[in-house]
Structures are given as C-alpha cells and as structure tokens.
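Visitor: I have some questions about how the terms are applied here. Can we take them one at a time?

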Amino acid sequence: ALSSAASDVYKRQVIIIGATSGIGKGLAERFLREGNTVGITGRREDKLQEICSQNKNCFYSVSDVTKDTDTVRQLSNLVNRVGGMDILIFCSGIGELNPELDYLLEKPTLLTNVIGFTNVVDWAFHFFQKQEWGHLIVISSVGGMRGEGIAPAYNASKAYQINYTEGLRKKTAKLPYPIYITDVRPGFVDTAMAKGEGLFWITPLDKAVQQIYRAILRRRKVAYVSKRWKYVALLLRMIPASIYCKM
C-alpha cells in the first residue's frame with residue numbers, strides 16, 4: 001500500500017508535455033481520473049480537445065517544444081489556467097530509424113529531445129525553485145544507455161536526457177527545500193514510438209502507464225518500465241564496446 005505521504009500526490013496540479021498520444025495521453029487520463037487538475041500540451045489540437053472534453057479539470061495548450069519562446073509563454077499561460085504546477089512530466093519525444101544517417105531525419109529528433117527538452121525542464125526547474133517545491137518527471141528511455149547504429153540521434157538524445165536529469169538531481173541535493181526529480185526509462189512500449197523489427201518485451205500501454213504512475217507517487221529517482229528492463233540496462237552497461245559494436 002502507498003503511504004499517506006505518497007498518496008498526497010494525487011490531488012495536485014499536473015502539467016504534461018506531449019499528451020496527444022501514447023504514454024503522455026495515458027498519464028493525463030490517469031491523473032484526471034484520480035481527481036487532479038491537469039494541463040496538457042501537444043501539437044495536435046484535435047487530440048488535446050478530445051482528452052479535455054471528458055473532464056472539466058483538464059486544460060490544454062497547443063504547443064511545439066521546438067519553438068523556445070512560444071513554448072515558455074504557452075506553458076506560463078497554461079499554469080495560470082490550471083491554478084499552479086506541482087508536477088511537470090516531459091513526455092514529448094520523437095525518433096526515427098535512420099541507418100543511412102540522413103541529417104534531415106536526425107535534426108527534428110535533436111530539436112525536440114535535446115533543445116526543446118532542455119528549454120522546458122530548465123523553465124520547470126526555475127519555477128519549482130521559486131515556489132520551493134515540486135516534482136519533475138522525464139520520460140527518457142533504456143535506449144539512452146548505449147549508442148545504436150540504426151537510430152543514433154534518438155539513443156544519443158535519450159542519453160543526454162538521462163545525464164541532464166541526473167545533473168538536475170544533483171542540484172536539488174543542495175537545496176533546503178524539496179524538489180523531486182524522476183527519470184523514467186521505458187523499454188519497448190506498445191505505442192507508435194516502438195519501431196523496427198524483432199522487438200521483444202513490448203509492454204502494453206496500460207501496464208506502462210500504471211508503473212510510471214506508481215513511480216511518480218513514490219517519487220522514485222529512476223524507474224524502468226517494465227521493471228525487467230532494469231536488467232537489460234545493467235547488461236548493456238556491462239558489455240564491452242568491442243563486443244557491443246559488433247552486435
């Protein structure tokens with residue numbers, strides 16, 4: 001059973017970046033069902049409207065994280081409409097299989113997963129510092145543990161998110177007030193992001209959302225989804241580069 005302190009996370013103001021589909025949408029619907037007030041962002045207004053039409057405690061803002069200044073302005077307005085921000089979940093991310101190293105495929109991944117990501121989480125961190133508490137959650141990936149020849153920008157961008165998130169966690173350790181940082185590292189989840197042949201251990205979306213939700217409630221520092229991917233990550237770290245690069 002969850003402690004009363006953890007369950008207190010339920011009734012909060014939650015902002016989710018990238019909630020039009022997949023994990024972001026699932027988390028938005030879950031937080032709404034538990035009585036939270038939720039603000040969601042994404043590029044597809046029809047998808048955002050569909051989610052919010054079912055709940056009066058849902059607010060949305062059409063936003064593209066690659067547009068730095070507009071993103072911050074939209075987020076600030078959304079927080080005001082929601083009534084505050086206790087939790088921010090960065091769930092926006094893209095990635096393409098790119099064995100030919102086509103830069104036109106790599107660039108959008110970098111703009112979203114690195115530049116857009118940094119802009120949003122820095123803004124959120126400063127917001128939490130000003131109010132002297134908060135919880136930042138980043139949906140990174142097990143893919144960030146090592147490089148990958150068929151999707152080099154995606155794996156590298158997720159490695160960036162993992163390390164950047166850890167850097168923010170180090171900053172919180174020196175603060176006199178509680179700011180929590182959670183790095184969620186999914187393996188393959190049954191969403192449009194799961195691309196390629198021979199995928200294994202594909203986690204159903206509902207199961208992934210449930211595990212992420214519980215990790216947020218428990219304010220975990222790092223969470224693997226599904227949990228078995230923790231052992232894959234451990235194995236990936238142990239494989240020598242001379243062997244890994246031939247796999």
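Guide: Start with one definition: strands are DSSP runs of E, at least two residues long, numbered from the N terminus. A lining residue has an atom within 4 Å of a pocket point. Keep in mind that this is a predicted model.

Visitor: Which strand gives the largest share of the lining of the second largest pocket?

Guide: That is β7, with four residues. Both α7 (205-217) and β7 (222-225) supply at least two residues each.

Visitor: What makes up the lining, residue by residue?

Guide: Gln211, Arg214, Ala215, Arg218, Arg220, Val222, Ala223, Tyr224, Val225, Lys227 and Lys230. By class, five are nonpolar, one is polar and five are charged. Tyr counts as nonpolar under the rule used, while Lys and Arg count as charged.

Visitor: How much space lies in the second largest pocket?

Guide: About 230 Å³.

Visitor: Why is Ser226 called buried?

Guide: The cut-off for buried is under 20% relative accessible area. Ser226 has 5%, so Ser226 is buried. Its place is the loop between β7 and α8 (229-238).

Visitor: What is Ser226 in contact with, leaving aside neighbours within four places in sequence?

Guide: Thr203, Lys207 and Gln211. Contact requires heavy atoms within 4.5 Å.

Visitor: How far is Ser226 from Leu136, in sequence and in space?

Guide: They are 90 residues apart in sequence and 20 Å apart in space, C-alpha to C-alpha.

Visitor: Why does Ser157 count as buried?

Guide: Apply the cut-off again: under 20%. Ser157 is at 1% relative accessibility, so Ser157 counts as buried. Ser157 sits in helix α6 (residues 152-172). Not counting residues up to four places away in sequence, Ser157 touches Thr109, Asn113 and Val114.

Visitor: How many helices and strands are in the chain?

Guide: Nine helices and seven strands.

Visitor: Why is the chain called as compact as a globular protein of its length?

Guide: The globule rule gives 18 Å for 247 residues, and the radius of gyration of the chain is 18 Å, so the chain is as compact as a globular protein of that length. Along the principal axes, the C-alpha atoms fill a box of roughly 50 × 40 × 35 Å.

Visitor: What share of the residues is buried?

Guide: Buried residues are 48% of the 247. The chain exposes about 12,400 Å², and carbon and sulfur atoms supply 54% of that area.

Visitor: What share of contacts joins residues at least 24 apart in sequence?

Guide: It is 65%, among contacts between residues at least 6 apart.

Methods:
Residues are numbered from 1 along each chain as its sequence is written. This is a predicted model: local features need pLDDT of at least 70, side-chain atom pairs count only at pLDDT 80 or more; totals for chains, interfaces and linings use all residues. Side-chain values use heavy atoms; hydrogens and water are left out. On a 1 Å grid over the protein atoms alone, a cavity is a set of points where a 1.4 Å probe fits but cannot get out, and a pocket is an open set with protein on both sides within 12 Å along at least five of seven lines; lining residues have an atom within 4 Å of a point. Grid points are joined across faces, edges and corners, and a volume is the space filled by probe spheres set on the points. Buried means under 20% relative accessible area, exposed over 50%, partly exposed in between (1.4 Å probe, protein chains only). The radius of gyration is taken over C-alpha atoms; the globule rule is 2.2 Å times the number of residues to the power 0.38. Accessible areas come from the Shrake-Rupley method with a 1.4 Å probe; for residues, only the protein chains shown count as cover.
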